[in-house]
Amino acid sequence: PTSFFLFAKDRRPELKRKDPKSSVTDIAKKLGEEWHNLGSRKKRTYQEEAARLKSIYDRKKEQWLSRQ
């Protein structure tokens with residue numbers, strides 16, 4: 001997943017709780033605005049986690065391909 005998707009996974013439940021009648025589109029817009037305004041230090045946390053997960057994925061993919 002991308003750093004934005006990790007952020008959205010964290011924030012979406014809170015946004016939905018605050019306004020349960022929000023549409024998927026409205027929540028997506030709010031998430032985009034929040035991400036845009038998020039400080040670089042907080043973004044870095046999500047970017048580092050995305051990189052860690054990608055590394056795991058790449059390693060598992062390579063193992064799988066080597067067995068083909």
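Is Glu34 buried, exposed or partly exposed? Glu34 counts as partly exposed, at 26% relative accessibility; buried means under 20% relative accessible area, exposed over 50%, and partly exposed in between, with a 1.4 Å probe and protein chains only. The model is predicted, so local features need pLDDT of at least 70 and side-chain atom pairs count only at pLDDT 80 or more, while totals for chains, interfaces and linings use all residues. Residues are numbered from 1 along each chain as its sequence is written, and side-chain values use heavy atoms, with hydrogens and water left out.

Side chains of opposite charge can pair when their charged atoms come close. Six salt bridges are present in the structure, a salt bridge being a side-chain nitrogen of Lys or Arg within 4 Å of a carboxyl oxygen of Asp or Glu. One of them joins the side chains of Arg11 and Glu34, at 2.7 Å from N to O. Because Arg11 lies in helix 1 (residues 3–18) and Glu34 in helix 2 (residues 24–37), this pair ties together parts that are 23 residues apart in sequence. Helices (H or I, at least four residues) are DSSP runs, numbered from the N terminus. Arg11 is partly exposed, at 22% relative accessible area.

Within helix 1, Arg17 and Glu14 lie three residues apart, about one turn of the helix. Their salt bridge has its closest N and O atoms 2.7 Å apart. Glu14 also forms a salt bridge with Lys18, with a closest N to O distance of 4.0 Å. Through shared partners, salt bridges join Glu14, Arg17 and Lys18 into one network. Glu14 is partly exposed at 25%, whereas Arg17 is exposed at 56% and Lys18 is exposed at 57%.

Methods:
Helices (H or I, at least four residues) and strands (E, at least two) are DSSP runs, numbered from the N terminus.
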